[in-house]
Amino acid sequence: ILEKVLTEIEEIKKNTKEIPAAKPVTAVASATVVSSNTLTSAAEKAASRILRFNVNNYDILKTCKKVYISDVQQDGSFLVTGDRRYLSDGKQRTETFHILFKNSATNNSAVNYNAAASVTQDYLNEYSFLYQLSKKPQLSAMRTGNLVTMRTDEPDWKMELLIDLGANKED
């Protein structure tokens, strides 16, 4: 899965070079907006961000130090990546995650995505929720308007991720 995600990321990078940069990538959550351009207050309000990221009632978002969400590409795909710092077994741990959302065909007003996750850790921690997420096959998400939801509802592993792509984000 990691190889697939990395290949798709490279594909997006290649496609992004061909598309003129209309909007900068912005940082979300508690981080400041990252941009080479000065953003107006209207543009700041339209910035993408994660609204909710819970696994088994644990708030992953609170442990994220930086989160970046790419612009939605012409094919509808986008990437969410972030740096996370958390406590495990009494030790401070760090990891970086990438979740790639690729557009899949749909017949209704919602947009469906196939998603793939990968994680890079300071050292292997199989108990990390993001590590466990990266091992999940066939993740899917749904977009309605500017909101993207990805959920799992397994008996022992429940996740809810809610992303606001911003008011100005369009396919």
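## Salt bridges

Let's start with K158 and D153, whose side chains meet in a salt bridge, with N and O 2.9 Å apart. Keep in mind that this is a predicted model. K158 is partly exposed, at 38% relative accessible area, while D153 is exposed, at 62%. In total, the structure holds 6 salt bridges.

Another one joins E154 to K136, where the closest N and O atoms are 2.9 Å apart. This pair links distant parts of the chain: E154 belongs to strand β9 (residues 147-154), and K136 sits in the loop between α3 and β8 (139-144), 18 residues apart. E154 has a relative accessibility of 28%, so it counts as partly exposed. K136, at 16%, counts as buried.

## An arginine tucked away

Next up is R93, which forms a salt bridge with D122 through their side chains (2.8 Å, N to O). R93 is part of strand β6 (residues 91-104) and D122 is in the loop between β7 (111-121) and α3 (129-134), so the pair ties together parts of the chain that lie 29 residues apart in sequence.

## Around T81

Now find T81 in strand β5, which covers residues 78-88. Its relative accessibility is 16%, and because buried means under 20%, T81 counts as buried.

What does the side chain of T81 make a polar contact with? One partner is the side chain of H98, at 2.9 Å. A polar atom of the T81 side chain also lies 2.8 Å from the backbone oxygen of F97. If you skip the neighbours within four places in sequence, T81 is in contact with K66, V67, Y68, T96, F97 and H98.

## Strand β2 and its partners

Finally, have a look at strand β2 (residues 49-55). It pairs with strand β10 (residues 157-164) in the antiparallel sense, over 6 bridges. Within that pairing, F53 has L161 of β10 as its bridge partner. K158, from the salt bridge with D153, falls within the residue range of β10.

β2 also runs antiparallel to strand β3 (residues 58-59), and 2 bridges join them. Here N54 stands opposite D59 of β3. The two strands form a hairpin with 2 residues between them, and N56 in the turn has a positive phi of about 50°.

Notes. Residues are numbered from 1 along each chain as its sequence is written. This is a predicted model: local features need pLDDT of at least 70, side-chain atom pairs count only at pLDDT 80 or more; totals for chains, interfaces and linings use all residues. Side-chain values use heavy atoms; hydrogens and water are left out. Two strands pair if DSSP finds at least two bridges between them. Helices (H or I, at least four residues) and strands (E, at least two) are DSSP runs, numbered from the N terminus. Buried means under 20% relative accessible area, exposed over 50%, partly exposed in between (1.4 Å probe, protein chains only). A polar contact is a pair of N or O atoms within 3.5 Å; within protein, one must be able to donate a hydrogen and the other to accept it, and residues adjacent in sequence count only if both atoms are side-chain atoms. Contact means heavy atoms within 4.5 Å. A salt bridge is a side-chain nitrogen of Lys or Arg within 4 Å of a carboxyl oxygen of Asp or Glu.
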